[in-house]
Amino acid sequence: MRIVVLDDYQDVARSYADWATLPADFTVVTRPVTGTADLTALLSGAEVVVAMRERTVFDAQRLAALPDLRLLVTTGAANASIDLDAARAHGITVCGTDAPRTATPELTWGLILAVARSIPAEDARMRAGGWQETIGADLAGSRLGVIGLGRLGSRVARIGQAFGMDVVAWSANLTPERAAEVGVRAVGKEELLETSDVVTIHYKLSDRSRGLIGANELALMRQSAILVNTSRAGLIDTAALTDALDSGAIRGAGLDVYDTEPLPADHPLRTSPRTVLTPHLGYVTEGTYRIFYPQAVEDIAAWIAGEPIRVLT
């Protein structure tokens, strides 16, 4: 049996789980997959594949081109990059893992603070021999607008309250009663954008939500406002965002997700002013990987035993 672990960019999968317990030929791919031909070549003869979140797409076309694949394990309990119906049609079992709810909200606040206080820029200035130049934004007494009040958004909202912020929230189906459970106030989307000093997005990407924040929405925001996205890149119109940053229409942005990942070296965001960019680190923590990889091994062992667990198909 051949097992391939994909997208282990930091080459750490071996250190987080005991793969030697599995009776198989074990291969780790530490670079991004560059396309369908590359993927089929990498997975030739592989019966089991472990996918790291949504880094590699497994759509119907790709699954049809992988006749040897029998088990696909994704880290996390869901993966929008896997066509579960197509997997089921091809007799491929898809299993998942648990995932902590803390890592991404923590990074969200890292980005908020980094943009609000210009931490990366001031750090670079210090190392170059300079001294203070920027004037930071205050969080206490300001308004935090949370778009999407689910598991992650709710945690971000509660941390905002600890900073002494007035927290409001919006989503398409958010009720005042649900917002009150988290201790925040539900408002309309336009009001959130017009009145918030920090806007943070924790929303599911779908055909309806794609481009949720475009040129019109950015125009509603305060010139002093910060926009943070640790959810999905498609929720924001990237071209409209770069225009807003270049023109100074908003104070700045903190981003962890991008339309193309890894982000191309010549992408305009890399030179956009007043931004803090992280390379999709939301779930990349010690605690998360101590769940992802050991449970992937458990999934494979259970499937080999004929009793698959955490099945998604």
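**Reading pockets, domains and backbone in a predicted model**

Biologist: Which domains supply at least three residues each to the lining of the second largest pocket?

Modeller: Both domain 1 (2–100 + 285–305) and domain 2 (102–277) do, each giving at least three residues to that lining. The bounds come from an automatic or database domain assignment. Bear in mind that this is a predicted model, where local features need pLDDT of at least 70 and side-chain atom pairs pLDDT 80 or more, while totals for chains, interfaces and linings use all residues. Residues are numbered from 1 along each chain as its sequence is written, and side-chain values use heavy atoms, without hydrogens or water.

Biologist: How do I read such a pocket, and which residues lie nearest its centre?

Modeller: Rolling a probe the size of a water molecule over the atoms shows where empty space is left. On a 1 Å grid over the protein atoms alone, a pocket is an open set of points with protein on both sides within 12 Å along at least five of seven lines, a cavity is a set where a 1.4 Å probe fits but cannot get out, and lining residues have an atom within 4 Å of a point. Here 15 residues line the second largest pocket, with Pro262, Leu263, Thr278, Pro279 and His280 nearest its centre. The lining has 9 nonpolar, 3 polar and 3 charged residues, and the pocket holds about 320 Å³ of space. That volume is the space filled by probe spheres set on the points, which are joined across faces, edges and corners. Nonpolar means Ala, Val, Leu, Ile, Met, Phe, Trp, Tyr, Cys and Pro, charged means Asp, Glu, Lys and Arg, and the others, Gly among them, are polar.

Biologist: How many cavities of 30 Å³ or more are there in the whole structure?

Modeller: The search finds 1. The largest cavity has a volume of about 70 Å³, and its lining includes Asn229, Ile236, Tyr258 and Asp259. By class, that lining has 7 nonpolar, 2 polar and 1 charged residues.

Biologist: And how much area is buried between domain 1 and domain 2?

Modeller: The size of an interface is often given as the accessible area lost when the parts come together. Between domain 1 and domain 2 it is about 390 Å², with carbon and sulfur atoms giving 51%; this is the loss for a 1.4 Å probe, summed over both parts. On the domain 1 side, Pro32, Glu54 and Pro100 supply 60% of the area buried against domain 2, more than any other three residues. The C-alpha centres of the two domains are 31 Å apart.

Biologist: What should I look for in the backbone, for instance at the bond from glutamate 261 to proline 262?

Modeller: Most residues other than glycine have a negative phi, and most peptide bonds are trans. The bond from glutamate 261 to proline 262 is cis, with omega near -5°. Proline 262 sits in the loop between β11 (252–255) and β12 (275–277), and Pro262 is also among the residues nearest the centre of the second largest pocket. Aspartate 11 has a positive phi, near 55°, in the loop between β1 (2–5) and α1 (13–16). Helices (H or I, at least four residues) and strands (E, at least two) are DSSP runs numbered from the N terminus.

How values were computed
Buried area is the accessible area (1.4 Å probe) that two parts lose on being put together, summed over both.
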